Amino acid sequence: MIEILTRMENTYNGKEYALLKHAYDYSRKAHVNQKRASGEEYFIHPCTVAGILIDLGLDAATVAAAFLHDVIEDTPVSEGDIKKEFGEEVLELVVGVTKLEKISFTSKEEEQAENFRKIFVAMAKDIRVIIIKLADRLHNMRSLNFLSQERQQRMARETLEIYAPLADRLGISQIKCELEDLCLKYLEPDFYEYLSTNVEERLKANVEFVDHVVSEVKDLLGETNVSGEVFGRKKHLYSIYRKMKERNKTLDQIYDLVAIRIIVNTIDECYEVFGKIHHKWKPVPGRIKDYIATPKPNMYRSLHTTVVTNFGKVFEIQIRTYEMNHAAEYGIAAHWKYKENKKIADDLDTRLSWIREVMEWQGGLKDSKEFLNSLKGDIYSSEVLVFTPKGDVISLPKDATPLDFAYSIHSAVGNKCVGAKVNSKMVPLNTTLNVGDVVEVITSQNSKGPSWDWLKIVKSSSARVKIKQFFKREMKDENIKTGKVMLDAEAKHRGYNLNELLTEDAFLSISAKLSFNGQDEMFASIGYGAVSVNQVIIKLIDYHRKSQPQQEATKFFKSNKKHDSGVSVKGMAGLLVRFAGCCNPVPGDDIVGFISRGHGVTVHRADCPNVNNFDKDRLIEVSWTKVADDGSYNTGIKVLGHTQTEILTIVAGVCSQLKLDIVSTNGRTDSKTNSAVVDFHIRLNSAEELKNLINKLSQDPKILDVFRTAN
């Protein structure tokens, strides 16, 4: 711990050192007598986190926040105390990385999802928050062996899914590589041990070869009068592991365990050396990558090539400038070490643009788990670099389409898109883009906006969210109507009246959990798919059961009372009669009875396919009797149309006109015809009502087909 004081004194000026020394002393006093799982003093943790940030070149305020990042949660120190002692800037950084308060979550998954949403909100305000968080996670992963195996696995998996990709996206390869190797150690311990031992043995055996190549390259630099550094750098274990898994190779088939790195002064020298390398050794086709002309999304820049020696040995060479090498190691953190460098400042803005985009579309997601899944999709996706007609480079996820490209330009461009050209040729909107394609979007002011089918075409999370936001904003009235119909139908399907469930107190209860500002917003959210109808109805029913226990008991008693079936069984009396769920007969249908042992008579439609498989001796003649006024039966219909929203709206309107109740709905998209399909269960009194319903629906031009179903 004394060492870090020396490092601070050697790195920061007098005023900055005073701030850091105060934070050091304050944290040490606050954490006195606290121990980590390893048994060591807790204060070692904030000191190590601060040390990692000093290595990255972060500013004094960030390092001070690292010393203090756990005091609010783990000690009596308050936010007011931090503000008084260290000021607003340090306080905001500390609050940004303070762990979630112990509040009640329904699951670990939801807790994790909400945690990461809050991290991104804090990141949008100040990117230094996530850098502290990454350093914090790195030290926790280094000391993971003191925790239980279950916690080791959970933390390692969370780190591999979120923190390591975030470090990569921010270009901090130093942290990213160590996190991935530590995750491998706990998630695949046997594989990790195998690689640790065997890779080192292979590297020792190749020392002579690596030294030979380094010497050859140095001679080549001398011939071209280029000064620079040349050295071998071994690949980290997780990258080797991933290559073996993805390409189904053994360790013996991985040839590039070591990359030869060449660092020179200028970009021109990079390309000059690049050409000399290819003149000396033959390049492997498909393995030449120019990340200087087209940087990675994390702004990584370098030239990569894989070459073959005259005696058949394969190895990789990376060529970059000193500035590029520093940016590759420290990523976004390089900004604070060289903040006067305009180029690095511009790189910072480019990296922050991704975070700003995430925060732009995350506002359209009510569900934290949906946000986490979308985030994973964005930070995991392999990039496809394409060009605008003006030559600007756009990074898109793997298998992206022209629609992804359009929405990456702007929401308005995507919403008005009516066509696209790729390499000057008209293409369908679901065309998969390839690296280097030149994409041009064709828009029209007369466009009515995106189609629901576009959600199946786009590959990027941001495009998907922007499409949903359009439907939320532009189709609010229709979404409210659709959502109300869906919720009402689901309530009836579960045996409830929506008006009884949706009281003012019940709505206040669920809005506290789902953040609805009013009932219309709740209906609209269901209508456009931001929340599922089940999410809402289950919470309403739970609230009703807790608030109306006596009514629930009475409801159960009434629902189990016997009533007149409306069916007469020839030659027998006193038999229990029930209706088959496979065909749902209604009055007016031709029917037949089947004697079920122990279950009385089950009534089927005469044309039910299952009847052909029954024992003929157990079939019995049945007929309809006069049905009571309140007698009703369920039957199913299938409706095909252009969109599920249109179908739901039309069917709800016709049922309301005919005074029929929708019991349940189930929608999907037919992958073959690309049309929307919705199955309904309708409560009605006779086959005549069913006939009228089908006739009216068939007359609507927006309905492609409608017919009765067996169930």
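The side chains of R605 and D607 meet in a salt bridge, with N and O 3.2 Å apart. Here a salt bridge is a side-chain nitrogen of Lys or Arg within 4 Å of a carboxyl oxygen of Asp or Glu. R605 is buried at a relative accessible area of 12%, whereas D607 is exposed at 55%. Buried means under 20% relative accessible area, exposed means over 50%, and partly exposed is in between (1.4 Å probe, protein chains only).

This is a predicted model, in which local features need pLDDT of at least 70 and side-chain atom pairs count only at pLDDT 80 or more, while totals for chains, interfaces and linings use all residues. Residues are numbered from 1 along each chain as its sequence is written, and side-chain values use heavy atoms, with hydrogens and water left out.

Now the overall picture. The protein has 711 residues, and 49% of them are buried. Its secondary structure comes to 31 helices and 21 strands. These are DSSP runs, numbered from the N terminus: helices are H or I with at least four residues, strands are E with at least two. Take the contacts between residues at least 6 apart in sequence: 67% of them join residues at least 24 apart. A contact means heavy atoms within 4.5 Å.

The largest nonpolar core holds 103 residues. Such a core is a set of buried Ala, Val, Leu, Ile, Met, Phe, Trp, Tyr and Cys residues joined through side-chain atoms within 4.5 Å. F67, L68, L195, I262 and I277 touch the most other members. What does I277 contact, leaving aside its neighbours within four places in sequence? The list is V217, L220, I262, T305, V307, I317 and I319. A second, separate core has 48 residues, among them A491, L660, F680 and L697.

Cysteines come next. C270 counts as buried, at 0% relative accessibility. C417 is buried too, with a relative accessible area of 3%. The structure holds 0 disulfides, a disulfide being a pair of cysteine sulfur atoms within 2.5 Å.

Back to charged pairs. How many salt bridges does the structure hold? The count is 17. One of them joins R137 and E158, whose closest N and O atoms are 2.8 Å apart. The pair links distant parts of the chain. R137 sits in helix 9 (residues 128-142) and E158 in helix 10 (residues 149-169), 21 residues apart. Both R137 and E158 are buried.

D679 and R668 form another salt bridge, with closest N and O atoms 2.7 Å apart. D679 lies in strand 20 (residues 676-684) and R668 in strand 19 (residues 661-669), so the pair ties together parts that are 11 residues apart in sequence. R668 counts as partly exposed, at 37% relative accessibility. Elsewhere, salt bridges that share partners join D59, E89 and R128 into one network.

Helix 14 (residues 237-247) shows how a helix packs. Its buried residues are L237, Y238, S239, I240, Y241, K243 and M244. They pack against helix 10, helix 11 (173-187) and helix 12 (189-205). N248 follows helix 14 and has a positive phi, near 55 degrees.

Now turn to strand 9 (residues 417-422). Strand 9 pairs with strand 11 (residues 439-443) in the antiparallel sense over 5 bridges. Two strands pair if DSSP finds at least two bridges between them. A420 stands opposite V441 in strand 11. Strand 9 also pairs with strand 10 (residues 425-427), antiparallel over 3 bridges. Here K421 stands opposite M426 in strand 10. Strands 9 and 10 form a hairpin with 2 residues between them. In the turn, N423 has a positive phi of about 55 degrees.

L433 lies in the loop between strand 10 and strand 11. Is L433 buried or exposed? At 3% relative accessibility, L433 counts as buried. Not counting residues up to four places away in sequence, L433 touches V384, V386, L396, A400, T401, P402, F405, V422 and V439. The C-alpha atoms of L433 and D404 are separated by 9.6 Å, and these residues are 29 apart along the chain.
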